[in-house]
Amino acid sequence: MLHSIGKKERSDGDLVDALAACHGRIRERLAIAARLAHADEAPPQERAEAAELVRKYFTSSFLEHVRDEDELVVPSLRGFDPATDAALARLADEHIDHELPVSRLVAACNAIAMRPE
């Protein structure tokens, strides 16, 4: 199976816990995409489901996560420490750098979901 669906982790902790959980889901969806890329022998329906799972995540939850980091986390942490400011600048650069690869991933998953064979 290319993906597994289980109970969604609920974070009752703080912001750090919530962000760590989000990053865990990003890694999980990327792992599914990696398996999908090499799953030529998987049944078409399974390929379509995995592709749709990845596509849906990166067109909704992932974008919300990036927006939360950009609009809530970064402004709250900026200006207190030069090392933190440098890390926040890297984060902003990474968000820009990820736009094209994420759009390519979404397009590939959309194509697979529409024609999984």
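**Salt bridges and the nonpolar core**

Me: Which is Arg 115, buried or exposed?
Reply: Arg 115 has a relative accessible area of 60%. This is a predicted model, where local features need pLDDT of at least 70, side-chain atom pairs count only at pLDDT 80 or more, and totals for chains, interfaces and linings use all residues. Residues are numbered from 1 along each chain as its sequence is written, and side-chain values use heavy atoms, leaving out hydrogens and water. With buried meaning under 20%, exposed over 50% and partly exposed in between (1.4 Å probe, protein chains only), Arg 115 is therefore exposed.

Me: Which residue forms a salt bridge with Arg 115?
Reply: A salt bridge here is a side-chain nitrogen of Lys or Arg within 4 Å of a carboxyl oxygen of Asp or Glu. For Arg 115, the closest N and O atoms are 3.1 Å apart, and the partner is Glu 117.

Me: How far apart are N and O in the salt bridge of Glu 52 and Arg 55?
Reply: Both sit in helix α2, three residues apart, about one turn (helices are DSSP runs of H or I, at least four residues, numbered from the N terminus). Glu 52 is partly exposed because its relative accessibility is 31%. The N to O distance is 2.5 Å.

Me: Which residues is Leu 105 in contact with, beyond its neighbours within four places in sequence?
Reply: Leu 105 is one of the residues touching the most other members of the 16-residue largest nonpolar core, a set of buried Ala, Val, Leu, Ile, Met, Phe, Trp, Tyr and Cys joined through side-chain atoms within 4.5 Å. Taking contact as heavy atoms within 4.5 Å, its partners are Leu 30, Ala 33, Val 54 and Phe 58.

Technical notes. Helices (H or I, at least four residues) and strands (E, at least two) are DSSP runs, numbered from the N terminus.
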